[in-house]
Amino acid sequence: MCKGKDGKLHANLLCPVDVREMPEGILPDMQNTEEAVKLLKSVKDQGNHFFLAVGYYKPHIPFRYPKQFLELYPLENMTLAPDPFIPTGLPSVAYNPWTDVRKREDVQALNISFPYGPIPKEFQLQIRQNYFAAVSYLDSQVGKLLNVLDELGLANETIVVFTSDHG
C-alpha cells in the first residue's frame, strides 16, 4: 500500500514512498540487506567458508521504493518504449494482458479496455520512470552488500553471483 495524492492508502502500481512512514520505518529489501550484513559480519570472524543467498523483491510490482530514487529520472527526460505496439498476427496465447497490473487502483482509474487497450502515453512514461527508480533502489541495496564485503576484507575471497528471474 502507498499513500495517494489524497493522503489515503491505495494499492497502486506506482508507489514511491517516504520510508519513514512505512511499518518499522523500513522496506522489505532494506530488511533483507540489513540481515545479510549481520550474517556477513558473523561469518567473518569464524574463518569458515560460507554461502549466502539474498533475495530481493524489486523491481517487481508494485513499484514501491524510497521516493528519492524517483528524482534520478525526471519525467521530462523519459522516453516511450521504442516499439510499444502489439505485433500484428500475435497469437492470443502469446499475449499477456497484464491482469496483475490491471488490479492496481491507479491503473484501474485509467479505464483501459481489456485485453488490448492502449496505456495512455503519460502513464507509460510514469511506468518507465518508476521501473528505473525501482531498479536503482535495488542497485543501491546490492551496492551496500558489496561495500560490506570490501569493509570486512571478504571481497577478494568471495564469489558473487547476481541472477534474476527475468529481464
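I took a salt bridge to be a side-chain nitrogen of Lys or Arg within 4 Å of a carboxyl oxygen of Asp or Glu. The model is predicted, so I note that local features need pLDDT of at least 70 and side-chain atom pairs pLDDT 80 or more, while totals for chains, interfaces and linings use all residues. Residues are numbered from 1 along each chain as its sequence is written, and side-chain values use heavy atoms, with hydrogens and water left out.

**Entry 1. Salt bridges**

I searched the whole structure and found 3 salt bridges. I looked up K3 and E21, whose side chains meet at 3.3 Å, N to O. K3 lies in strand β1 and E21 in the loop between β3 and α1, so this pair ties together parts 18 residues apart in sequence. Helices (H or I, at least four residues) and strands (E, at least two) are DSSP runs, numbered from the N terminus.

I then checked exposure, calling a residue buried under 20% relative accessible area, exposed over 50% and partly exposed in between (1.4 Å probe, protein chains only). K3 is partly exposed at 47%, and E21 is partly exposed at 47%.

The side chains of R20 and D18 form a salt bridge at 2.7 Å, N to O. R20 is exposed, at 70%, whereas D18 is buried, at 14%.

The side chains of E35 and K38 form a salt bridge at 3.9 Å, N to O. I found E35 and K38 3 residues apart in helix α1, separated by about one helical turn. An α-helix has 3.6 residues a turn, so residues three or four places apart point the same way. E35 is partly exposed at 41%, and K38 is exposed at 53%.

**Entry 2. The loop between α1 and β4**

I noted a cis peptide bond joining K58 and P59, with omega about 15°. P59 lies in the loop between α1 and β4. The peptide bond from I61 to P62 is also cis, with omega near -5°, and P62 lies in the loop between α1 and β4.

F50 is placed in the loop between α1 (28-44) and β4 (63-66). I record F50 as partly exposed, at 32% relative accessibility. With L39 and L52, F50 forms a nonpolar surface patch of about 210 Å² accessible area together. Patches take residues with over 30% relative accessible area and no salt bridge, joining like charges within 9 Å and nonpolar side chains (Val, Leu, Ile, Met, Phe, Trp, Tyr) within 5 Å. Accessible areas come from the Shrake-Rupley method with a 1.4 Å probe; for residues, only the protein chains shown count as cover.

**Entry 3. Positive phi values**

I found phi of E24 near 65°, a positive value in a residue other than glycine. E24 sits in the loop between β3 and α1 and is exposed, at 72%. W98, not a glycine, has a positive phi of about 45°. W98 lies in the loop between β4 and α2 (99-102) and is buried, at 16%.

**Entry 4. Helix α4**

The 31 residues of α4 should span 45 Å, and the end C-alpha atoms are 45 Å apart, which agrees. Just after α4, G153 takes a positive phi of about 75°.

Conventions. The expected span of a helix is 1.5 Å times one less than its number of residues.
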